[in-house]
Amino acid sequence: MTTATEVRKSVRTSSPGAARDPRRTGRIRRVSLPYLLLLPALLLELLVHLVPMVIGIVMSFKELTQFYIRDWGSAPWSGLDNYSMSVDFNAPVGEALLHSFLVTVGFTLLSVGLCWLIGTAAAICMQDTFRGRGLLRALFLVPYALPVYAAVITWVFMFQHDNGLVNHVLHEQLHLTGKPSFWLIGDNSFYALLTVSVWKGWPFAFLIVMAGLQNIPRELYEAAALDGAGMWQQIRRITLPSLRPVNQVLILVLFLWTFNDFNTPYVLFGKAAPEAADLISVHIYQASFVTWNFGTGSAMSVLLLLFLLVVTGGYLLLTSRGRRAADV
């Protein structure tokens, strides 16, 4: 005769949930947990970056001027007119954009190269242990730790024509110039911007390279020294090849940061940057918020995004091929 307990057991074993494997359930939970933890960050990323990006792309196809600021959705569609105007290098708008693009490319290459060179040299010099090394490391990181606005405003005062520290040192103390120079206008503005960018950016390269040097075994240098390799040979044969993965990421990050830098030229020169230091980020800002042509400015932003995506994809493709060739 069947008891009530046996009936309940038979019902549980015959139910659909009885066939579920507890190990499989635990595995599913372990796999899904990281995605659940990432979900708030993904939602914030969607709201902060992706949604404005999509809105900017839509705005680039509209004739959005100051007359439609209150209700930009009612602005008429212009199709590809904003893009054709931006890339028409024979017209004033396209010619100015091309000049700004070339200035930005030259500025970025020089800034990234100097930041990497100074940061790598400083990190190699700080590799050996000596008295005061910790203090020097802390001092080297000060430009990177300072707020951008405070640091750049300090440089603005230093670049002043009449009472700036730069002209005082170059003209009055070292006598390298015949007269005080104007650093924030004219052709010298490019060198002023480059100086501030390198001063602000090289500590980041120093920090990353210094961290990468910690992973190089000291035995390699000792063995190379026993074989008669000098300092330059050790740097060329051991240090730089070992730092190749770190440098690949570092150069890409520095390139993207420098090419998109808006704070430094804006604080240094204001809304109207000199022609010699007309970076594309400030140029797009002027095209959008000074001339009130948000459609053209959005089209320029989309073109800049496409350029950076192509450069980043090509760089990653070349570096990945280089790594595979080195492994072979």
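The model is predicted, so local features need a pLDDT of at least 70 and side-chain atom pairs count only at pLDDT 80 or more, while totals for chains, interfaces and linings use all residues. Residues are numbered from 1 along each chain as its sequence is written, and side-chain values use heavy atoms, with hydrogens and water left out.

I begin with helix α4, residues 92-125. Helices here are DSSP runs of H or I with at least four residues, numbered from the N terminus. The axes of α4 and α9 come within 6 Å and cross at roughly 40°. Axes are lines fitted to C-alpha atoms over the stretch in contact, and angles run from 0 to 180 degrees between N-to-C directions. That angle makes α4 oblique to α9; angles under 35 degrees count as roughly parallel, over 145 as roughly antiparallel, 65 to 115 as roughly perpendicular, and the rest as oblique. The residues of this contact divide into 20 nonpolar, 6 polar and no charged. Nonpolar covers Ala, Val, Leu, Ile, Met, Phe, Trp, Tyr, Cys and Pro; charged covers Asp, Glu, Lys and Arg; the others, Gly among them, are polar.

Helix α4 also packs with α12, residues 244-259, at about 140°, with the axes 9 Å apart. These two helices are therefore oblique to each other. Their contact (heavy atoms within 4.5 Å) includes Phe 101 and Trp 116 in α4, and Leu 250 and Phe 259 in α12.

Which helix holds Leu 213? Leu 213 lies in α9, and at 3% relative accessibility Leu 213 counts as buried. Buried means under 20% relative accessible area, exposed over 50%, and partly exposed in between, with a 1.4 Å probe and protein chains only. Leu 213 and Ala 123 are 90 residues apart along the chain, yet their C-alpha atoms are separated by 8.0 Å. Leaving aside residues up to four places away in sequence, Leu 213 touches Ala 123, Ile 124, Gln 127, Thr 239 and Leu 243.

Gln 127 sits in the loop between α4 and α5. Gln 127 is buried, with a relative accessible area of 17%.

Finally, consider helix α7, residues 148-158, where Ala 151, Val 152, Trp 155 and Val 156 are buried. They cover an arc of only 145° around the axis, which puts them on the same side of α7; the arc is that of the directions from the helix axis to the C-beta atoms. The buried residues of α7 pack against α9 and α13.
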